[in-house]
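Trainee: Please show me how to read a model like this one, feature by feature.

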Amino acid sequence: MKAIEAPKSIEPWRIICAAQSEPDYSEERYMLIYAGDGSDDCYDKGYILLEGWHCSCYDWPEVDWDATYYEEDELLKIADMRKRNPSDGAERRFFMLVEQALGAHQ
């Protein structure tokens, strides 16, 4: 696990899963992307978890993103913990999607 700078742009092929809280004054957004650069082995380079917060009166470009790099085993541990103790429904849904995408089964 390592805090990194959020990418300025995200190619669609990198997106694994995403979720957003219900529209409200304060919205949370989650996205999991491949950390690789598009080379043949890019899917073996770990993952970037993006977590963003913003006021609902703004759009995607105004989201403040936190980015964290994870290896698969670290990410699955975090996903299990955060789906069991979520701050909201979007967080729980998102981390269930992460487990599905990475092949973890209950």
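Mentor: Let's start with exposure. A residue counts as buried under 20% relative accessible area, as exposed over 50%, and as partly exposed in between (1.4 Å probe, protein chains only). Before we use that: this is a predicted model, where local features need pLDDT of at least 70, side-chain atom pairs count only at pLDDT 80 or more, and totals for chains, interfaces and linings use all residues. Residues are numbered from 1 along each chain as its sequence is written, and side-chain values use heavy atoms, with hydrogens and water left out.

Trainee: Is E72 buried, partly exposed or exposed?

Mentor: With a relative accessible area of 34%, E72 is partly exposed. W13 has a relative accessible area of 34% too, so W13 is also partly exposed. R84 comes out at 56%, so R84 counts as exposed. Across the protein, 39% of the 106 residues are buried.

Trainee: What is the accessible surface of the protein?

Mentor: About 6600 Å², with 49% of that belonging to carbon and sulfur atoms. The areas come from the Shrake-Rupley method with a 1.4 Å probe, and for residues only the protein chains shown count as cover.

Trainee: Where is confidence lowest, and where is it highest?

Mentor: The score is pLDDT, the predictor's confidence in each residue, from 0 to 100. The protein averages 84, and 82% of the residues score at least 70. Strand 4 (residues 47–55) has the lowest confidence, with a mean of 87, and strand 1 (residues 2–4) has the highest, at 95.

Trainee: On to contacts. Which residues does E72 touch, leaving aside its neighbours within four places in sequence?

Mentor: Contact means heavy atoms within 4.5 Å. By that rule E72 is in contact with Y47 and L102, leaving aside neighbours within four places in sequence. For W13 and Y34, 21 residues apart along the chain, the C-alpha separation is 8.5 Å. Over the protein, 47% of the contacts with a separation of 6 or more are between residues 24 or more positions apart.

Trainee: How many aromatic pairs does the structure hold?

Mentor: Four. Rings of Phe, Tyr and Trp (its six-membered ring) pair if their centres lie within 6.5 Å; planes under 30 degrees apart are stacked, over 60 edge-to-face, and the rest tilted. One of the pairs is Y30 with F94, stacked at 5.5 Å centre to centre with 20° between the planes. Y30 belongs to strand 3 (residues 26–34) and F94 to helix 2 (residues 89–101), so this pair ties together parts 64 residues apart in sequence. F94 also pairs edge-to-face with F95, at 5.0 Å centre to centre and 80° between the planes. Y30, F94 and F95 make up one aromatic cluster.

Trainee: Why does F94 count as buried?

Mentor: Because its relative accessibility is 0%. F95 is buried as well, at 0%. In soluble globular proteins, nonpolar side chains tend to be buried together.

Trainee: Which residues have the most contacts inside the largest nonpolar core?

Mentor: A nonpolar core is a set of buried Ala, Val, Leu, Ile, Met, Phe, Trp, Tyr and Cys residues joined through side-chain atoms within 4.5 Å. The largest one has 16 residues, and L32, Y47, L75, F94, F95 and V98 have the most contacts inside it. Helix 2 gives the largest share of this core, four residues. Not counting residues up to four places away in sequence, V98 touches C17, L32, L75 and A79. There is also a second, separate core of six residues, including A6, I33, L50 and A67.

Trainee: What comes just after helix 2?

Mentor: G103, which takes a positive phi of about 85°. Within helix 2, the buried residues are A90, E91, F94, F95, V98 and E99.

Methods:
Helix = DSSP H or I, 4+ residues; strand = E, 2+ residues; numbered from the N terminus.
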